[in-house]
Amino acid sequence: GEERTVLVRTPNGYERNGQRYPVLYMTDGDGHIQHTSGTVEFLARNGRMPEMIVVGITNTDRMRDLSPTPNTATRPDGKLQFPTSGGADKFLKFIETELMPFIEAKYRVQPYRMLAGHSLGGLFAIHTMLTRPELFNSYIAVSPSLQWDNQLMAKRAEQFFANRKEFKKTLFFTLGNEQGGIAAGYKNFKELLGKYKPEGFVWEAVQMEDEDHGSVVLRSHYLGMRKEFDGWQIPRESTTGLVAGGLKGAEEHYRKLSQKLGYTLPLPEGLVNQIGYQMMNAGKMEEAIAAFKSNVERYPASANVYDSLAEAYERGDQLDLAKLNYEKAYTLGKETGSANVEIFKANLDRVREKLKQKGSATGK
């Protein structure tokens, strides 16, 4: 019954590449969208996780939306201290029945969702995990207010995990240098989780003594995403730094990641390109051309994949094929406004000149 603003960050190149992405939903969106988006971009660029769409939900009545039960504490005048508290289930219903359908209709998403929240938002994340576990794949709860309602979440978690043999989710929760009820709630919840070991459940609790309740968020999001996407980085040979197993090794690695995350992960264009150049620089031209061809099949709308394939053909003195692919790279580069369009043109002009000289030498 009210308007709600959501902030959506899409990955670089989203408008052109046609790819689908997992989604990170986040409470207190206006406060955390910038640094969290930067963290996602940084980790993805360094091969530690996939790029994600980040959805930051802004607040209207924060206390109402993020607290799972009413708080009966009163002020000196006898009135309720938090009269609107206890609306977490309605807020979760809004996310499930309005926000998620909106995001999934408007943006290209994968069937993978992460939920992150801070303080009351962290409480909300854990409440969501225990009451509607099917909605999200993983959770980051930063300094969660687990003292809420006499540590209600600990009691619910006890019931939730008591007879649960399997729970394929990840939970990462943290605490700054904090005392009192929030620290007691964190300690109790951590001890409780240690009692149960359902198959597939991965969790970690980290206290950061050099952070306070506010500053703990950035590092928590960084470490939480590192935890969830542990094993994402492609294996490499220790002595050469080359991708272990070449193209087949990369395909197997992404097959296992896909199995873990529950959706098919395409081999990144940049990784396949890198493998192609590794093969080419090692003098394995057939393997290099095969890798570049596979990239053309995977990413036919990318100018760069044609340019790389053309370079391999050029090095192998297959100039007609090189010219054909440089022309495709140049045409696509102009259509998409590629920053490398002048490089594509220079490559095309060079091969055309080589073909001209070759024709002159043979009298054609």
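Modeller: The model is a predicted one. Its largest pocket has a volume of about 1,400 Å³. The lining of this pocket is made up of 45 residues. Nearest to the pocket centre are Asn17, Gln19, Pro268, Glu269 and Gly270. Two or more lining residues come from each of α1 (14-17), β2 (21-26), α2 (29-45), α10 (269-281) and α12 (303-315). Of the elements, α10 contributes most, giving five residues to the lining. Sorted by class, the lining holds 21 nonpolar, 17 polar and seven charged residues.

Helix α13 spans residues 319-336 and helix α14 spans residues 341-361; they pack with their axes 9 Å apart, at an angle of about 155°. Angles over 145 degrees count as roughly antiparallel, so α13 and α14 are roughly antiparallel to each other. Their crossing is left-handed. On the α13 side, the residues making the contact include Leu319, Ala322, Tyr326, Ala329, Tyr330 and Gly333. On the α14 side, Val341, Phe344, Leu348, Val351 and Leu355 are among them. Charged residues take part as well, including Asp320, Lys323 and Glu327 of α13 and Arg350, Arg352 and Lys358 of α14. By class, the contact between α13 and α14 comprises 10 nonpolar, two polar and nine charged residues.

How values were computed: Residues are numbered from 1 along each chain as its sequence is written. This is a predicted model: local features need pLDDT of at least 70, side-chain atom pairs count only at pLDDT 80 or more; totals for chains, interfaces and linings use all residues. Side-chain values use heavy atoms; hydrogens and water are left out. Axes are lines fitted to C-alpha atoms, for helices over the stretch in contact, and angles run from 0 to 180 degrees between N-to-C directions. Helices (H or I, at least four residues) and strands (E, at least two) are DSSP runs, numbered from the N terminus. Angles under 35 degrees count as roughly parallel, over 145 as roughly antiparallel, 65 to 115 as roughly perpendicular and the rest as oblique. A crossing is left-handed if the near helix is turned anticlockwise from the far one by less than a right angle, and right-handed if clockwise. Contact means heavy atoms within 4.5 Å. On a 1 Å grid over the protein atoms alone, a cavity is a set of points where a 1.4 Å probe fits but cannot get out, and a pocket is an open set with protein on both sides within 12 Å along at least five of seven lines; lining residues have an atom within 4 Å of a point. Grid points are joined across faces, edges and corners, and a volume is the space filled by probe spheres set on the points.
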